[in-house]
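This report describes one protein model, starting with its core and ending with a pair of packed helices. Look at the sequence and the structure first.

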Amino acid sequence: MAEKWSKKSMSKKHFIRIFFTAWIFFPNIANKLTTYIMLSKFAVTNFRGFLNRIEWDLSNPNGYDFNKSAIKKGILKNGIIYGPNGSGKTSLGLAIFDIANHLSHKWTKPDYYLNFASAYANMKPVDFEYSFVFDGKRLDYSYSKRAVNLKGEILKERLLVNNEELIYRENAALRLSKEFSLSKDAIANLKDSANNISLVNYLIGAVPLPQDHVLLQLRDFVERMLFFRSLESREFIGLKEGRSNIEEYIIKNGLVEDFSKFLKETSDQEYIFKSPKQNGNVLMCETNGAEIPFRLVASTGTRNLELQYYWLKEMKNSSFVYVDEFDAFYHHKLSMAICRLLFKVKGQTFTSTHNTYLMTNDLLRPDCYFILDKGKIRPLSQCTEKELREAHNIEKIYRGGGFHVE
């Protein structure tokens with residue numbers, strides 16, 4: 001018995017030794033095991049229709065004891081944004097993703113600067129403010145930029161960690177934390193350089209940084225952000241480079257049967273797909289003995305569902321997802337089914353919609369539903385003086401005009 005216990009103890013010791021060896025020599029693995037970055041607050045001024053500063057606070061959830069999975073570490077993980085046409089739901093999403101413009105190489109919106117600053121102050125810069133939380137730290141990153149020849153020029157940039165300034169630049173003023181150990185010549189060159197590169201990007205490329213450094217954590221978060229929509233045209237920002245043929249993606253990854261199952265489970269549609277040909281890139285359906293391309297028999301909503309399927313597969317490791325008008329072509333029950341799948345994604349996931357069928361405590365909670373109107377965005381829980389409970393029909397209250405953004 002003593003011999004068996006000794007072997008068991010040695011086995012445990014061996015395991016612990018291996019684990020901590022991996023922890024020390026492969027810090028990136030350790031980092032992924034422990035770090036979960038979340039956007040806690042965002043604000044923008046003078047962007048498109050937002051002439052005045054608008055702030056979206058995700059760090060102040062109510063103490064509801066239901067649908068707790070929508071909150072993670074005191075930050076909203078999931079939410080749905082409502083608002084009248086023209087209130088700025090798309091603009092809010094694009095503004096949040098401006099950070100990907102200069103910190104990620106996956107930016108895919110060449111016409112972005114055609115409509116950048118507000119028309120009422122188009123000669124003034126646009127101000128962006130981000131707050132992130134991770135590993136007990138708070139990272140605040142802000143910058144100002146303007147559009148010049150369809151490109152962004154950074155005019156001001158500041159980054160703080162737990163209120164300690166690491167980076168600051170505005171005009172001729174430049175301050176960098178001593179931890180970066182830049183020479184006087186390097187700092188002088190930075191001061192004289194044109195302000196078209198982020199100091200964050202410069203430091204990541206020029207200074208050896210430990211794997212768990214906040215700048216690398218920030219860039220990793222930004223690299224895994226995703227914005228997408230499918231209305232008059234399909235477009236996306238972040239997460240992937242280039243564009244993909246979705247049907248080719250489904251075929252090459254052996255997902256034909258899985259896609260058929262997805263259509264059945266979400267929309268109760270049954271499609272019999274033919275076995276794809278080698279190196280094929282077109283899904284073929286069998287209908288009354290005839291083979292017809294899927295894109296010719298699928299409705300607009302079903303084609304959009306194909307896009308949702310693709311991104312649900314790709315966004316498993318996403319950090320922050322914003323789906324604009326995700327259910328513009330959907331039946332309300334299909335919208336609910338897709339929402340439930342979206343909110344299972346590990347990272348923060350938010351959607352915009354006009355579909356009030358989704359405004360229910362069965363899906364989320366009052367502090368996860370937002371109203372965007374008149375340049376302000378507030379959760380339902382802050383749009384009424386009444387105490388909202390799980391049993392309340394919040395959709396009925398909303399349709400009855402019971403919520404007001406002050």
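The largest nonpolar core has 115 residues, and among these Phe128 and Phe320 touch the most other members. A nonpolar core is a set of buried Ala, Val, Leu, Ile, Met, Phe, Trp, Tyr and Cys residues joined through side-chain atoms within 4.5 Å. Contact means heavy atoms within 4.5 Å. When residues up to four places away in sequence are not counted, Phe128 touches a list of residues including Phe42, Phe47, Tyr112, Phe116 and Tyr141. Asp98, Ser142 and Lys145 are also among the residues that Phe128 touches.

The model is predicted: local features need pLDDT of at least 70, side-chain atom pairs count only at pLDDT 80 or more, and totals for chains, interfaces and linings use all residues. Residues are numbered from 1 along each chain as its sequence is written, and side-chain values use heavy atoms, with hydrogens and water left out.

The protein has 13 helices and 18 strands. Helices (H or I, at least four residues) and strands (E, at least two) are DSSP runs, numbered from the N terminus. Of the 406 residues, 49% are buried. Among contacts between residues at least 6 apart in sequence, 63% join residues at least 24 apart.

| Residue | Relative accessible area | Class |
|---|---|---|
| Arg169 | 2% | buried |
| Ser335 | 0% | buried |
| Val148 | 34% | partly exposed |

Arg169 is in strand E9 (residues 164-170). The Arg169 side chain reaches the backbone oxygen of Ile197 at 3.0 Å. Val148 belongs to strand E7 (residues 137-148).

Ser335 is part of helix H12. Apart from neighbours within four places in sequence, Ser335 contacts Phe326, Asp327, Tyr330, Asn355 and Leu358.

Helix H12 (residues 332-342) packs with helix H11 (residues 300-314) at an angle of about 10 degrees, and their axes are 11 Å apart. H11 is therefore roughly parallel to H12, a term for angles under 35 degrees. Axes are lines fitted to C-alpha atoms over the stretch in contact, and angles run from 0 to 180 degrees between N-to-C directions. H11 contributes Leu305, Gln308 and Leu312 to the contact, while H12 contributes Leu334, Ile338, Leu341 and Leu342.

Terms used:
Angles under 35 degrees count as roughly parallel, over 145 as roughly antiparallel, 65 to 115 as roughly perpendicular and the rest as oblique. Buried means under 20% relative accessible area, exposed over 50%, partly exposed in between (1.4 Å probe, protein chains only). A polar contact is a pair of N or O atoms within 3.5 Å; within protein, one must be able to donate a hydrogen and the other to accept it, and residues adjacent in sequence count only if both atoms are side-chain atoms.
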